[in-house]
Amino acid sequence: MRSAKDFFTPLAVGAPPPITEVPARPSRMIHFFDPSNEKMAAKVPDLVGTVDVLLGNLEDAVKADRKEAARLGLVAIAKATDFGEHTQLWTRVNSLDSPWVLDDLTTLVSEIGDRLDVIMVPKVQGAEDIHYVDRLLAQLEARAGLTRPILVHAILETARGMASVEEIAGASPRMQGISLGPADLAADRRMKTTRVGGGHPGYLVRQDPIGGDIHGERTTYQQDLWHYTIARMVDACAMHGIFPYYGPFGDIKDVVACEDQFRNAFLLGCVGAWSLHPVQIDIAKRVFSPSAEDVAHARRVKEAMGDGTGAVMLDGKMEDDASLKQCLVILELADRLAATDPELAELYGTTPETH
Ligand SMILES: CC(C)(COP(=O)(O)OP(=O)(O)OC[C@H]1O[C@@H](n2cnc3c(N)ncnc32)[C@H](O)[C@@H]1OP(=O)(O)O)[C@@H](O)C(=O)NCCC(=O)NCCSC(=O)C[C@](C)(O)C(=O)O
Ligand SMILES: [Mg+2]
C-alpha cells in the first residue's frame with residue numbers, strides 16, 4: 001500500500017494531479033449503449049441532457065467480432081457530440097485479462113481522454129487491479145497531455161472482489177464509485193439464479209404453521225437476494241468517500257420490479273443504477289431523486305431542530321441530532337439535483353434561501 005503522504009502524487013511524470021474529493025455530480029442513471037450498434041448510437045445525441053451519464057459499453061453484451069467497431073464507434077461519438085454541462089461520458093472497458101483492454105485504454109485515453117469522465121473496470125478482483133489501471137492511466141494521460149485525471153469505477157462481480165471491496169474502494173484517489181454486477185457475481189459465487197439482477201421467487205421465508213398444520217395456508221415473503229452485497233458495498237464506498245450504485249436490472253419489461261429493486265438500493269445508500277433500455281431512464285430518475293414529501297419533511301425537521309442539538313417532538317415522533325443528519329443527507333441531495341434539473345427545483349420549491 002502507498003504511504004498516505006504520497007497517495008496524492010501523480011503516478012507518472014506529467015500526469016495531472018489526483019483529486020482529493022470525488023465530485024458529487026448527479027449520476028442517477030448510467031445509461032448503457034453499444035457504440036457498435038448503429039441504431040443505438042444514433043440515439044445518443046437525443047439522450048444528452050435527459051440522462052446523467054451516457055456509457056459507451058465495450059465489454060459484455062458487445063459481440064467479440066464487434067469489439068473494435070465499438071471502440072472506434074465510441075471515439076467517433078465522443079468527438080462528434082457535445083455532452084453539455086449535465087451529461088457525463090463514461091465507458092466500460094473490457095476486463096483486464098481480455099485481449100481487448102490494452103487497446104481500449106490506450107485508444108480511448110489518447111483519442112478522447114479529455115471527454116471521458118469515468119472508466120468502468122469490470123470483474124475487479126482486488127486493489128491490485130485498480131493499481132494497474134491507475135498507473136497505466138497516469139502514463140497515458142501524461143502522454144496525451146491531459147489536465148484532469150480520468151476517474152475509475154469498479155464493478156463488483158466476483159466473490160474475491162466482494163471479499164476485497166473495502167480495499168478496492170480505497171485503492172486510488174481515482175476511485176469514483178462501485179457498481180454491483182449481479183449476473184457475473186451470481187455465476188462466480190455459484191448461486192443458482194439465471195437472471196440479471198432482481199429477486200427470485202424461490203428465495204423466501206414462510207410463515208410458521210398455524211396450529212401446527214404444516215400443510216395449511218401460510219404466507220410467504222420473497223426476500224432480497226442482494227441485501228448483504230449492496231449493504232456491504234455501500235459501507236465500503238461511504239468509508240472511502242466514493243459512490244455506490246445498483247447495477248443492471250435485466251427484466252426490461254418488468255418496470256414495476258425494476259423500480260422496487262432500484263428503490264431498495266436508493267434507501268440503502270446507492271446514488272444511482274444502470275439503465276439498459278430507454279424505458280429504465282425515467283424509473284431511475286424518479287427513484288434516485290428524493291420525493292417532494294421527503295424534502296418538505298426534512299426541511300421541517302431542520303427548522304424544528306434549531307441549532308441541531310437536543311430532542312423535539314414532530315407529528316408524534318422524536319427528532320434529534322441523528323434524525324436531523326439523515327434529513328440533511330436528503331436536503332443536500334435535493335439541492336444538488338435541483339441545481340441541474342429545473343423540474344426538480346420547481347418540485348422541491350428550491351430557491352437559494354430555501355435551505
Ligand atoms: C436489452 C436490449 C437488447 C433490448 O433491445 P431491443 O432492440 O430488443 O429493444 P426495443 O424495445 O425493441 O428497442 C426500442 C428502440 O430503443 C433502442 N434502444 C434499445 N436499447 C437502447 C439503449 N440502451 N440506448 C439507446 N437506445 C436503445 C432500440 O435500438 C430501438 O430503436 P428503434 O426504435 O430505432 O428501432 C437493448 O436495450 C440493449 O442491448 N441494451 C443494453 C444491454 C447492455 O448494455 N448490457 C450490458 C450491461 S448489463 C451487464 O453487463 C451485466 C453485468 C453488470 O456485467 C453483470 O451483472 O455481470
Ligand atoms: Mg458482468
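Predicted model: local features only at pLDDT ≥ 70, side-chain atom pairs only at ≥ 80, totals over all residues.
The domain assignment divides the chain into domain 1, covering residues 4-288, and domain 2, covering residues 293-348. Taken over C-alpha atoms, the centres of domain 1 and domain 2 are separated by 29 Å.

Two packed helices are described by the angle between their axes and the distance between the axes. Both quantities are given here for two pairs, α2 with α3 and α11 with α12.

Helix α2 comprises residues 67-80 and helix α3 residues 101-112. Because angles under 35 degrees count as roughly parallel, α2 is described as roughly parallel to α3. The crossing of these two helices is right-handed. On the side of α2, the contact involves Arg-71, Val-75, Ala-78 and Lys-79. These residues meet Asp-103, Asp-104, Thr-107, Glu-111 and Ile-112 of α3. By class, the contact of α2 with α3 has 5 charged, 3 nonpolar and 1 polar residues.

The second pair consists of helix α11, residues 292-304, and helix α12, residues 321-338. The axes of α11 and α12 are 9 Å apart, and the packing angle is about 130°. The two helices are therefore oblique to each other, and α11 passes α12 in a left-handed crossing. From α11, the contact is made by Asp-294, Val-295, Ala-298, Arg-299, Val-301 and Lys-302. The residues contributed by α12 are Ser-323, Leu-324, Cys-327, Ile-330, Leu-331 and Ala-334. Sorted by class, the contact of α11 with α12 has 8 nonpolar, 3 charged and 1 polar residues.

Ala-292 lies in helix α11. This residue counts as partly exposed because 14 C-beta neighbours fall inside 10 Å, whereas a buried residue would need 20 or more and an exposed one 12 or fewer. When residues up to four places away in sequence are not counted, Ala-292 touches Leu-347 and Tyr-348. Ala-292 and Pro-99 are 193 residues apart in sequence. In space, the C-alpha to C-alpha separation of Ala-292 and Pro-99 is 48 Å.

Notes. Residues numbered from 1 in each chain as written. Chains lettered and ligands numbered in written order. Helix = DSSP H or I, 4+ residues; strand = E, 2+ residues; numbered from the N terminus. Contact = placed C-beta atoms within 7 Å. Axes fitted to C-alpha atoms, helices over the stretch in contact; angles between N-to-C directions. Parallel < 35°, antiparallel > 145°, perpendicular 65-115°, else oblique. Left-handed = near helix turned anticlockwise from the far one by under 90°. Nonpolar A, V, L, I, M, F, W, Y, C, P; charged D, E, K, R; others polar. Domains from an automatic or database assignment.
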